[in-house]
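Q: Could we go through this structure feature by feature, with the general idea stated before each case?

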Amino acid sequence: MMNHNYTILVVDDEDSVRKLLTAVLKREGYHVESAVDGQDAIEKCATVKPHAILMDIRMPVMDGIAAFKEMKKIHRGVTVILMTAFAAVETAIEAIKLGAFDYLIKPFDIDEVTLLVNRAIQIQRMENEITVLHRELNDSYRLDKILTNSPKVEELYRIIDRVAQSNASVLITGESGTGKELIANTIHYNSPRRKGPFIKINCSALPEGLLESELFGHEKGAFTGAMMRRAGRFEQADKGTLFLDEIGEISTKLQVKLLRVLQERELERVGGNATIKIDIRVIAATNQNLEKMVKEGRFRQDLYYRMNVVCLNSVPLRERKEDIRLLADHFLHKFSYENDRGILRFDDGAMAALEKYDWPGNVRELANVAERAVIMSTGSVIFIEDLPLALRDKSVISQNETEKDRYTGHTLKEMIKEEECKLIKQALLRNQGNKMKTAKELGISRRALIYKTQEYEIE
């Protein structure tokens, strides 16, 4: 464990105890400071700013309890481990109720000291990492960070800004790949519930019986395999937001239970009788026409109106073509970084093809194309020939074609690709179709080989 960046303050009026603990903690890799009483410790805290304090309770001038109370006023959240004799254990327990991390009973075991200090520092590390992750999440979904040049999308996010401040249920509609989950995330992380949990579940991914248990939880023995009580997604989302993706896939039986939860804000676990109160916001998404499903009797009208307090329609990429260049460059930089490639760029011909395409798979398809281009390209520029066949528009002529290439209709790149296809086929035959061995022989990754076989339609 790398502890050299962490400082421990040892506070004890006995010189022998201070020296022993200093030696032990330095051996663990910590930087150690010491103080002789509570007042000295408070003064040291102002300059040293320790990550944890190991402090005796009984000391002259100012005892450990009084010092701890003063430290809490100055350094909120300070980690303090108290040391005490048997006679003062009750005092130490009271201090824990006030916020002390733990206590040690003198005479203490050295292993116990190191174990307790290491645990305190490990918890600090975890809390710091969680804080950083929360900050990054909040930053990534800030409304001023949305990538768009589209008036339609800008208007959508103006509405999202207003909706986020309410507690209303929200229904997000739109085609697959248009960013419905991104909208749900943005609502949560810009709402008063941002510090609470954001729980997601894809309603189409689970069969009815399992989905019911996932949503509402179950009691031990409720069904075969229910070995213990389990809280469902509604309970997990308490004080936060629950995102129900593909809500149109929920059966009519579960729709009844879902309606009750939305109306009463309470539920019963599967196999249980206890009523559990919950405080949640529900956001749902679907790519289906729920109004049509209501008319056909496949979706409850009362649930539809309960969910559809606010309806947001995600914008398909073909209706926001002014965003294609912006998003394509964003994804290219993202996947270049993830795949340890130098920053790539699309040449004019490739970008023109991207902007001309209708994107039936929307933003998700664009991200996939950008990732594929990063993996498949060998240089720093993505040409039209590096794009999937569906995107290649023969009317767009790549800048690196020569006049002769245009006349014959057979570019140098196409000739290279024909040769590449032949080499891959031969290597696959030699390796009896084993992709791992073939990729190793060709000096490319297995993933790149799979992309190549799909591109050339090699069986």
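A: UniProt positions are given in the numbering used here, with feature names shortened, and annotations may be inferred rather than shown by experiment. This is a predicted model, in which local features need pLDDT of at least 70 and side-chain atom pairs count only at pLDDT 80 or more, while totals for chains, interfaces and linings use all residues. Residues are numbered from 1 along each chain as its sequence is written, and side-chain values use heavy atoms, with hydrogens and water left out.

Q: Where does UniProt place the feature "domain: Sigma-54 factor interaction"?

A: The unreviewed UniProt entry puts this feature at residues 146-375. With helices (H or I, at least four residues) and strands (E, at least two) taken as DSSP runs numbered from the N terminus, the span is 44% helix and 13% strand, and its end C-alpha atoms lie 26 Å apart.

Q: Which residues touch the most other members in the largest nonpolar core?

A: A nonpolar core is a set of buried (under 20% relative accessible area, 1.4 Å probe, protein chains only) Ala, Val, Leu, Ile, Met, Phe, Trp, Tyr and Cys residues joined through side-chain atoms within 4.5 Å. Here the largest has 31 residues, and F234, L244, I247 and L258 touch the most other members. Among the elements that give two or more residues to this core are β8 (241-245) and α10 (252-264), and α10 gives the most, with 5 residues.

Q: What is L244 in contact with, leaving aside its neighbours within four places in sequence?

A: Contact means heavy atoms within 4.5 Å; on that basis, the partners of L244 include I201, L215, L258 and V282. Apart from this core lies another, of 26 residues, among them L332 and I382.

How values were computed:
Buried < 20%, exposed > 50% of the residue type's maximum accessible area, 1.4 Å probe, protein only.
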